[in-house]
Amino acid sequence: MATERTLIVPGRFESLAAISDFITQAARDAGFGDDDVFHIQMAVDEACSNVVEHAYGSDRRGDINLRCRIDNGGDLQVEIRDRGRPFDPDQVPLPLIEPDSADLDAMRVGGLGLFFMRKLMDEVTFEFDAESGNCLIMVKRRPK
Amino acid sequence: MNDRIAQAQVEGDATRIAPAGRLDTFSVPAFEAALNENLDAGRSRLIVDLADVTYVSSSGLRALLSARRRARAAGGDVVLCGMAPRVREIFEMVGFVSLFSIVPSVQDGVNLLRADAPTRT
């Protein structure tokens, strides 16, 4: 049977530690190994940091709604909702990362948060609806 | 949560900065302030001891990159030490391991900075 749990916290950086505890516990309870748990935690931390920084920014207030769902196959779906300004991932520059480069000036690190989310999760989908706001869904599949 | 950031002059003109806990977007501003405080005061040989750090977010990586740029421009450097495997993995994912000097201990950092220091007469 699918299980679900939710967390609602103020959309502020102070909430990140509680979000991390929540998602770590949910992923652990779902049976993911330490590496996956850490990766899921990191992707969610980056996502929620983006919500606070960009969706709400300095002039808006609102909550972050997290919903974790484990489906029957053991995959973990994390849904993150906010009521901030619309987020368009296409407007985020890609970071310029050259793994073997020692050239400090060549690195451009804008968009690193989104880079981590896409690298660490199997699916990352953004939606915006004027009624319900931003909805980000990330999926981590259970290793077969 | 970044409970504290220990700072101390170690040897010569090297300074050890040791944050603790999670370097997430909430705790990074204090860490960044510690880095900038030293750089503003002309202390550009910095050893960031990550032994007590359990997590570094992209905002932490950006703070380190920008501190290193400033340090290098001032003739110094930012050397990282004490990195746990979990933290190292984050640096590896974005290629920061080839960008930063990463050494096991604070003493290794001191030695490295000393070796890089211009000869004084």
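Author: Start with a cut-off. A residue counts as buried if 20 or more other C-beta atoms lie within 10 Å of its own, as exposed if 12 or fewer do, and as partly exposed in between. Note also that this is a predicted model.

Now apply the cut-off to Gly133(A). This residue has 18 other C-beta atoms within 10 Å, so it is partly exposed. Gly133(A) sits in strand 5 of chain A, which covers residues 133-140. Its contacts, beyond the neighbours within four places in sequence, are with Arg81(A), Asp82(A), Arg83(A) and Gly84(A). Take Arg81(A) from that group. Arg81(A) and Gly133(A) are 52 residues apart along the chain.

Next, the helices of the chain. Helix 1 of chain A spans residues 16-29, and helix 2 of chain A spans residues 34-56. The two pack with their axes 9 Å apart, at an angle of about 145°. The crossing of helix 1 of chain A with helix 2 of chain A is right-handed. On the side of helix 1 of chain A, the contact uses Leu16(A), Ile19(A), Ser20(A), Ile23(A), Thr24(A), Ala27(A) and Arg28(A). Helix 2 of chain A answers with Asp36(A), Val37(A), Ile40(A), Gln41(A), Val44(A), Asp45(A), Cys48(A) and Ser49(A). Sorted by class, this contact between helix 1 and helix 2 of chain A holds eight nonpolar, four polar and three charged residues.

Arg28(A) has 15 C-beta neighbours inside 10 Å, so it counts as partly exposed. Compare its position with that of Met117(A). The pair is 89 residues apart in sequence, and the C-alpha atoms are 19 Å apart in space.

What follows helix 2 of chain A? Gly57(A) does, with a positive phi near 60°.

From the N terminus, the order is β-α-α-β-β-α-β-β. Buried residues make up 35% of its 144 residues. Among contacts in chain A with a separation of 6 or more, 63% join residues 24 or more positions apart.

Then chain B. Chain B has four helices and seven strands. Read from the N terminus, they run β-β-β-α-β-β-α-β-α-β-α. The radius of gyration of chain B is 13 Å, close to the 14 Å that the globule rule gives for 121 residues, so chain B is as compact as a globular protein of that length. Along the principal axes, the C-alpha atoms of chain B fill a box of roughly 45 × 25 × 20 Å. Of the 121 residues of chain B, 48% count as buried. As for its contacts with a separation of 6 or more, residues 24 or more positions apart account for 69% in chain B.

How values were computed
Residues are numbered from 1 along each chain as its sequence is written. Chains are lettered from A and ligands numbered from 1 in the order in which they are written. This is a predicted model: local features need pLDDT of at least 70, side-chain atom pairs count only at pLDDT 80 or more; totals for chains, interfaces and linings use all residues. The radius of gyration is taken over C-alpha atoms; the globule rule is 2.2 Å times the number of residues to the power 0.38. Two residues are in contact if their C-beta atoms, placed from the backbone, lie within 7 Å. Axes are lines fitted to C-alpha atoms, for helices over the stretch in contact, and angles run from 0 to 180 degrees between N-to-C directions. A crossing is left-handed if the near helix is turned anticlockwise from the far one by less than a right angle, and right-handed if clockwise. Ala, Val, Leu, Ile, Met, Phe, Trp, Tyr, Cys and Pro count as nonpolar, Asp, Glu, Lys and Arg as charged, and the others, Gly among them, as polar.
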